[in-house]
Amino acid sequence: MLIVEKSGGMGEFVTIQSALDWLESHPREERQIRVCPGVYEEWVTVRVNGVTIAGVGAAETENTKITSSRKAWEILADGRKRGTFHTYTCLVDAADVTFRNLTIENGAGPGTRVGQAIALYADGDRFSCVGCRLLGWQDTLFTAPLPPKEIEKDGFVGPKQYAPRTPTRQYYRDCYIEGEVDFVFGGATAYFENCIFFSKDVDREIRGYVTAASTPEGQRFGYVMADCRFESNCPPHTVFLGRPWREYAQVVLLNCAIGPHICPEGWDDWNKPGTHDTSFFAEYACTGPGAAQSSRPHWVHTLSETDAVGYDRAVVLAGTDGWDPCKTMKMTEKGTSFTC
């Protein structure tokens with residue numbers, strides 16, 4: 001196990017990136033990085049397959065923070081804007097990576113002032129994020145892959161602009177994710193379980209959108225959010241659950257508690273009426289003042305109990321290799337007790 005401790009008092013490394021760089025150049029069977037509490041002002045890129053990066057425990061999650069403040073509208077030395085996909089605080093570009101008990105933040109500020117600002121850019125198959133806090137404003141969490149084509153020139157400038165659009169499966173459990181506009185977006189098959197999605201208040205008529213899925217055409221699943229809570233400090237009826245970033249967007253909510261900030265319509269079509277036939281937005285057994293099924297537009301689906309079974313975690317994430325993130329984590333958790 002590698003230990004990261006900001007002050008250097010007991011850790012082998014003082015930055016998370018230096019520990020990852022060491023692992024990359026010194027391959028070993030055990031790939032555990034433990035991060036002591038502290039504020040780590042750095043940009044982290046993970047290219048080590050199978051690595052687990054974890055805080056010392058759930059009680060210290062808020063005190064174990066990776067933070068940066070890069071923003072899309074920032075003008076670089078060549079006169080161009082930074083762009084969305086160069087703003088990340090953490091980039092996961094490897095398979096079988098696990099984050100646990102960490103806070104990952106992009107503190108650049110509201111999108112109305114700085115544009116998009118990604119906290120976590122997750123682009124790796126079988127990625128797990130457990131007990132983490134993902135903090136930001138616009139575009140907090142990007143779940144890769146990118147869509148096949150840009151709409152605006154240079155819209156995808158970033159680390160994976162020319163990479164193959166490889167499907168990824170991602171699992172988020174017991175996480176707190178906050179933002180304003182499209183703060184969970186991308187094309188992954190992603191299962192969110194017992195997570196909180198907190199919509200932050202901004203001064204405009206429509207305060208925001210939780211999701212902006214870009215599920216690829218032909219992909220069986222997009223986002224599934226099970227037993228999650230949608231909370232906010234926004235006024236009633238000022239936030240949408242989601243809108244389609246691309247034509248085949250899929251988002252399914254199961255047994256979620258939906259607050260009064262959500263508009264009665266629930267979902268927005270982003271002025272793309274053609275997506276009424278190609279996208280798939282659905283809800284099952286949701287509760288709360290924002291779960292007004294009778295007010296949803298005709299193109300939003302209400303699942304039956306039989307339909308809902310088809311969105312079980314094991315079904316959604318299995319793929320061709322039968323991946324079950326909960327079983328995998330139970331195996332890797334053995335012998336990893338740690339105190340700072």
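In the predicted model, the mean positions of the 34 positive and 44 negative charges of the protein lie 3 Å apart.

With regard to overall dimensions, the C-alpha atoms fill a box of roughly 60 × 50 × 35 Å along the principal axes. The radius of gyration is 19 Å, which agrees with the value near 20 Å that a compact globule of 340 residues would have. Of these 340 residues, 57% are buried, and among the contacts with a separation of 6 or more, 73% are accounted for by residues 24 or more positions apart. The secondary structure of the protein consists of 6 helices and 26 strands.

The cysteines were then examined. A search of the whole structure finds 0 disulfides. Cysteine 132 counts as buried because its relative accessibility is 1%. For cysteine 256, the closest cysteine sulfur belongs to cysteine 286 and lies 4.7 Å away, which is too far for a bond. Cysteine 256 is likewise buried, with a relative accessible area of 0%.

Conventions:
Residues numbered from 1 in each chain as written. Predicted model: local features only at pLDDT ≥ 70, side-chain atom pairs only at ≥ 80, totals over all residues. Heavy atoms only, no water. Disulfide = S-S within 2.5 Å. Buried < 20%, exposed > 50% of the residue type's maximum accessible area, 1.4 Å probe, protein only. Helix = DSSP H or I, 4+ residues; strand = E, 2+ residues; numbered from the N terminus. Rg over C-alpha atoms; globule rule 2.2 N^0.38 Å. Contact = heavy atoms within 4.5 Å. Lys, Arg positive; Asp, Glu negative; His and termini not counted. Charge placed at Lys NZ, Arg CZ, Asp CG, Glu CD.
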